[in-house]
Amino acid sequence: MRFMMIVRHAEKQGPPPKGLMDEITKLAEAETKAGTMVGTGGLGPTALGARVRLAGGKVTVTDGPFTEAKEVVGGYAQFELKSKEEAVKSAVAFMELHKKHWPGWEGETEVRQMFGPDDFADCAPKA
């Protein structure tokens with residue numbers, strides 16, 4: 001089963017400490033070598049982004065920064081794991097690294113199962 005881990009935190013916390021990044025690099029290398037991590041990345045600040053929204057039949061574009069956002073998505077990782085429990089265990093280990101190497105940091109890792117087009121094949125209209 002494929003899972004997406006989505007890390008959320010306040011935007012203006014500054015750069016992560018080197019010790020944390022070193023440990024995340026080790027963790028990512030081990031997970032990649034084991035074949036469980038299939039993708040990962042950090043996201044830039046909202047000032048470099050844009051939001052494209054569809055509402056009321058109209059598409060609008062808003063450039064960042066997004067001052068109304070209390071939290072932002074700061075990064076993500078994709079995993080191929082056997083169960084939700086295994087995915088949660090991985091997210092806990094990741095957050096424990098933050099606790100150890102970045103005292104005072106607050107955030108969350110959301111664990112979501114991913115689906116592909118084949119998972120929705122039965123939902124397609126029949127011709």
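A charge sits over a ring when NZ of Lys or CZ of Arg is within 6 Å of the ring centre and within 35 degrees of the ring normal. R51 meets that rule here: its charged end lies over the ring of F66, 3.9 Å from the centre. Please keep in mind that this is a predicted model, where local features need pLDDT of at least 70, side-chain atom pairs count only at pLDDT 80 or more, and totals for chains, interfaces and linings use all residues. Residues are numbered from 1 along each chain as its sequence is written, and side-chain values use heavy atoms, with hydrogens and water left out.

**Salt bridges**
- Seven salt bridges are counted (a side-chain nitrogen of Lys or Arg within 4 Å of a carboxyl oxygen of Asp or Glu).
- R8 pairs with E108, with the closest N and O atoms 3.7 Å apart; this joins strand β1 (residues 2–9) to strand β6 (residues 107–113) across 100 residues.
- R8 also bridges to E110 at 2.7 Å, a link between parts of the chain 102 residues apart.
- A network of salt bridges connects R8, E108, E110 and R112.
- Within helix α1 (residues 18–34), D22 and K18 are four residues apart, so about one helical turn separates them; their salt bridge spans 2.8 Å, N to O.

**Cis peptide bond**
- The bond from G64 to P65 is cis, with omega near 5 degrees.
- P65 belongs to the loop between β4 and β5 (72–80); strands are DSSP runs of E, at least two residues, and helices are runs of H or I, at least four, numbered from the N terminus.
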